[in-house]
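Student: I have the picture open and would like to go through it piece by piece. Can we start?

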Amino acid sequence: MGGSLNNWAMKVEDELKLMLPTTETAEMQQWNKQSIHKLPECFKDLNKKAYKPQFVSFGPYHNGESHLHPMEKHKRRALLHFLKKSRKPLASYIAALAKVAPNLKDSYDSLDYFWGGDDGFLMMMILDGCFMLEVLRTWTSQRTHDYSYSDPIFSAHGKLHIVPYIRRDMMMLENQLPMLLLTTLLAVENEETQQDEESVNKLIREFCFPNPWFPLDFRIGKCLHLLDVYRSSLLMEDTVKRAKRRILRNGKSYFTSKINN
């Protein structure tokens, strides 16, 4: 065997010796942390627009793309409104998110070298997270809070003509924000050590399912991001419907048997 092959084989053997049970567990934990993935290019080739946000970016995968740039000024406006209403300094949010920055990064399976430092990543997280929360809360409220009635996003007109496009982009696979980001922002705002995730789940479900018939009173538990809340809600809805049909069917059978007897 050649020298290069021998060196490679020795390195593999050394790495194999290091694969103790604790190392394997750490490797598994690393994979388990990832919840927001990039799609393989072969999937995207089938339909370029099907997996790509068309209006607004959330998170690092599509941040900075030219066709999404017009929404950045609205993110900045939303941040200012968020801070004004919360009456908390921006430094408080930065400090809280800095503590969980490694966990936020670990949620993504592929980060470009640009996001290696915390500063740029945290700025993006704060802008995107506050914008998402403002969209969610404005939608579920009959009031426009402190926004103008002519606001292009946070107004009755915006909710009717613009927000549906934002909602579509919020459900893109590559356009998700970790639930930890939203709960941390709300915990600082509400001066709590930990935000109740179920309240965030309900806020998302009201936004994703604007139909008044959709049940919002059940708990769906811990979710990874907005799309996970949407998926879990659909599964829960199906479970509830099947249970109701079973109850009705059993009740009908019981009633019929009483009549026959």
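Student: How many of the eleven residues of α9 are buried?
Tutor: Ten of the eleven are buried, so α9 is largely enclosed by the rest of the structure. Here buried means under 20% relative accessible area, exposed means over 50%, and partly exposed is in between, using a 1.4 Å probe and protein chains only. The model is a predicted one, in which local features need pLDDT of at least 70 and side-chain atom pairs count only at pLDDT 80 or more, while totals for chains, interfaces and linings use all residues. Residues are numbered from 1 along each chain as its sequence is written, and side-chain values use heavy atoms, with hydrogens and water left out.

Student: Which residues in α9 are buried, then?
Tutor: The buried residues of α9 are M179, L181, L182, T183, T184, L185, L186, A187, V188 and E189.

Student: At what angle do the axes of α6 and α9 cross?
Tutor: Their axes come within 10 Å and cross at roughly 80 degrees, where an axis is a line fitted to the C-alpha atoms, for helices over the stretch in contact, and angles run from 0 to 180 degrees between N-to-C directions. The two helices α6 and α9 are therefore roughly perpendicular to each other, a label for angles of 65 to 115 degrees, with under 35 being roughly parallel, over 145 roughly antiparallel and the rest oblique.

Student: Which residues make the contact?
Tutor: On the α6 side they are M125, G129, C130, M132, L133 and R137, and on the α9 side L181, L182, L185, L186 and E189, with contact meaning heavy atoms within 4.5 Å. Eight of these residues are nonpolar, one is polar and two are charged. Ala, Val, Leu, Ile, Met, Phe, Trp, Tyr, Cys and Pro count as nonpolar, Asp, Glu, Lys and Arg as charged, and the others, Gly among them, as polar.

Student: And how do α4 and α6 cross?
Tutor: The axes of α4 and α6 come within 8 Å and cross at roughly 75 degrees, and that makes α4 roughly perpendicular to α6. From α4, the residues H74, K75, R76, A78, L79, H81, F82 and K85 meet I126, L127, D128, C130, F131, L133, E134 and R137 of α6. This contact of α4 with α6 brings together eight nonpolar, two polar and six charged residues.

Student: Changing topic, where is R87?
Tutor: R87 sits in the loop between α4 and α5, and its phi is near 60 degrees, which is a positive value in a residue other than glycine. With a relative accessibility of 74%, R87 counts as exposed.

Student: What phi does E191 have?
Tutor: E191 has a positive phi of about 55 degrees, although it is not a glycine.

Student: One more loop: where is N63 found?
Tutor: N63 is in the loop between α3 (41-44) and α4, and with a relative accessible area of 29% it is partly exposed. Its C-alpha atom is separated by 9.9 Å from that of D128, although N63 and D128 are 65 residues apart along the chain.

Student: How many helices and strands does the chain have?
Tutor: The chain has eleven helices and zero strands, taken as DSSP runs numbered from the N terminus, with helices being H or I of at least four residues and strands E of at least two. Of the 261 residues in the chain, 40% are buried.
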